[in-house]
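Here is a short tour of some helices and charged pairs. Take a look at the model first, and then we can walk through it together.

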Amino acid sequence: MSSSITDGLVHGGKLLVRIAENGHSFELDCDETTPVEAVMRFVESVSMISLSDQLVLCLDMKLEPQRPLSAYKLPLDDREVFIFNKGRLQTNSPPPPPEQVDILDIADPPSPSSSHNPHPLDDASDPALKALPSYERQFRYHCHRGHVVYSRSQVKYENCERLLREQKVQERALEVAKGNLDQYYKMISQNYMDFMKRYSQQNRIHSDLLMNFGRDMEKLRSIKLPPALQTATRKCLLDFVKEENLRKSADNCSSSHKQFENKVSQFKQMFGEVKRKVEELFASRTSFPTRNLEVMIKQHQQYLSEQKSILQSLGKDVNTVKKLVDDCLSCQLSSSLRPHDAVSALGPMYDVHDKNHLPRMQSCDRAISKLQDFCRVKKNEMNIFVHNYMQKIAYVSYVIKDAKLQFPVFREAMVRQDDLFMDLKLVRGIGPAYRACLAEVVRRKASMKLYMGMAGQLAERLATKREVEVRRREEFLKVYSSYIPRDVLASIGLYDSPNQCDVNIAPFDTGLLDIDISDLDRYAPEYLAGLPSKSEKHGSLKGPFPLSNDSSHSSEAEEFSLGRVEQYDSEELLQSCELVEIAGTSKMEVENAKLKAELASAIALICSHCPDVEYESLDDDKLASILKNAAEKTAEALHLKDEYGKHLTSMLRMKQMQCESYEKRIQELEQRLSDQYAKGHELSIQEDTADFSLLAEKADDGKPEILGSGVHIPCISTSEPMDEVSCISNPLDAKLGHFMGQSGKAREGVDENMMDSSGTLNPQVGSSMVEPHREELLLSDKEGKDKMVGQLGMSCTNSYTAESMPEPLTLSPSDTPIESGLDSKVSSDLLLELRSSLADKSDQLTETENKLNTTMEEVSLLRRELEASRKLLDESQMNCAHLENCLHEAREEAQTHLCAADRRASEYSALRASALKMRGVFERLRSCVHAPGGVAAFAESLHTLAQSLAK
């Protein structure tokens, strides 16, 4: 495993390790199988941090020494590992040493002299030529000196960049440490919230048990046991437990409850202090801003650029003077440039070097030196800040860890509190359990009654089936016994008959307490189950919802109650029991037993919610959702109740209006009948009787008049009901035209309010005539044809009596017997004709309705087929469009392939022509090589080939 100090990107198979206390970075070549301990040992060798003092973090993970890097998905390009020194996290640990900066010690070049570096022109007679070597040495000296200054400045600038990188590394290390602490604190804070939630629920339950202990005892004392359960030492529910022991236990629970409250209050203060320290630490400044320092370093980049440009200028000047000296040595100076002119031109250049370039480079070097000192100061400040901040994090972590160690203690204390309050919970659960037991007794008695009834039903059904089977066997034997001898039939076994089935149920539940549903509230009132009594319900609805044990439900309690629902639920038994008279029991009694069983099951279910509620699984959100669902269901039920009440009110209003109209119509008919009866009675008194011959003669003369004139003869029948009136349709009136000439007047007497009042048919009319008339009404609305517009609700005599009295009668008393006989004969004939006509019309209407139903079914079938065809057509159109798109794409692709093939064919033709041409050239070259005549012939043939190729 090799390493190198770098700050570049981490590549695959390399792990970048950062030292938090000084910001140094190391790049390690490793793989996934490398253990974390190997990385720690390498860090120990390069940073002098012992293995036991190293804390290794990567993001929010703490790396364990015994695990490989693959457990943390390392090495990875975008992840870096930070090493923290545990020794520096101690309160009394010394601060980190001051930052050391490597200074490049480069000596200045020696001053130039002719003795150390002689030159041929030093002995020249001309002073100008003698000065040229001196200028050359000075210019080289300036250039070397500039290089030395630039190298020093470059090293200092690199030191500044390194210090900046290390400060950024320290910033990221602080962020990692802060994130690790934040995650640790969030975990502890969540544990604290869960604990306080469970404690608040337990405290609420225990406080309620202590507060209502006396009330619970009095409740149990006030509930007397039924006489069958009372003994010498057991008169009430309180006798189920020992009162003295319970009161001692209540005192112990009260003192323990107060002590535990004080301890939890102290723990809350402690955790509040932890929270305050964590928030103060997170609110403080995590590091010094390095952005300003980075800007300063970038600004000082110009000094290096300026020094580089000065070095380029000095190098050009050295080349210039060197060229002059070389020209002088080789005597190649031009006629216009003499040595004196060259020396005079080098003088100003020397002055620029000595007075401008070199001092400017020195000035740039001093500015970069100041920047290096400033970066070193900032780095030392950062080291001290990291040291102090990490000590704060270590202290806060220690405080959080101390709070974490308190949770197991308090959880154990909560378990102990539950054990102490178990007796008080027992007192709270006696009442609901007692009420549930009595409700179970009622439910079992009702279920037993239903069960016995179902057994009777089963016996009756089996007996009926047996009788059917016996009759069938007898008929079989009657048919085939004439063909087969009886002994053969007996040998076959066809003379056997099914045995009687006796359904016998052994007695059970004989020891049940003799109570009924009405005795339940007397022996176990509702308040035993934690429910308000009838006198308290109205007040409890106005007050706030009590947060007590009676109103607290956990998920375990819900699962327990669901199990109890299945235990007490007799839905299958109740559903399978039909509401019929069984074993001498009426339907009302069966329904009563069924309702008793359901009510008892509901009471037992309610009681199962109250005792033994565990605080550990209580969830306020879940409780709120349960209450919300209950409120929504209650609101929905109330809404449905209101809607149903409105519906019933509207129905009652309509029925009332209908009854009023019926009463009004009945009163009118009674008045009309009474008036006509009075008038007929007066006429019979006033007229004298005549002899029988005259009456017969009048009867013979008056019969056709009666039949032709259409005078309606009153026939009062008090034995028939007067609340129903029949309406005769137009076709029937046409048939009865020769009996009644004033049929239009007769129809005028029909009241429209009575059109729908013929729900009950006269016993003289068959019940099969009801539905055809209704169907006639429906068909008359749909087809608009002349159909029946009413029903026969009374006999025809009553119809004429109620409707056909528009004119007073002027018949003599002697005509009354004969007219009565004629009327009865006409009425009977008319009734028969009406019945036959109605039967024909009913058959016609039934046939028409069947045809209409068949036609409608065919129309619906055709519609469905049309819809399926339409969908198939749409799908076919979509498929055609998709196929067209695919065809277009295939054409485009084929066109592209064709173009490519043409292009490749042309390229192949060109290449083939070029290959043929090259082959011809090589053939000619080969012929030249093998040509006879030696070298001269070969040269000549090559020359000829070259000329041909050139053409």
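A residue is called buried when its relative accessible area is under 20%, exposed when over 50%, and partly exposed in between (1.4 Å probe, protein chains only). Helices (H or I, at least four residues) and strands (E, at least two) are DSSP runs, numbered from the N terminus. This is a predicted model, where local features need pLDDT of at least 70, side-chain atom pairs count only at pLDDT 80 or more, and totals for chains, interfaces and linings use all residues. Residues are numbered from 1 along each chain as its sequence is written, and side-chain values use heavy atoms, with hydrogens and water left out.

Let's begin with helix α8, residues 406-420. Its buried residues are F407, F410, A413, M414, Q417 and D418. Viewed down the axis of α8, they fall within an arc of 145 degrees (taken from the directions from the helix axis to the C-beta atoms), so they line one face of the helix. Exposed E412 and D419 sit on the face turned away from that buried side.

Now for the charged pairs. A salt bridge here is a side-chain nitrogen of Lys or Arg within 4 Å of a carboxyl oxygen of Asp or Glu, and the structure holds 33 of them.

| Salt bridge | N to O distance |
|---|---|
| R18 and E80 | 2.8 Å |
| D514 and K445 | 3.5 Å |
| R870 and E867 | 3.7 Å |

R18 in strand β2 and E80 in strand β6 are 62 residues apart, and both are buried. By contrast, R870 and E867 share helix α22, three residues apart. R870 is partly exposed at 43% relative accessibility.

Notes:
Expected span 1.5 Å × (residues − 1).
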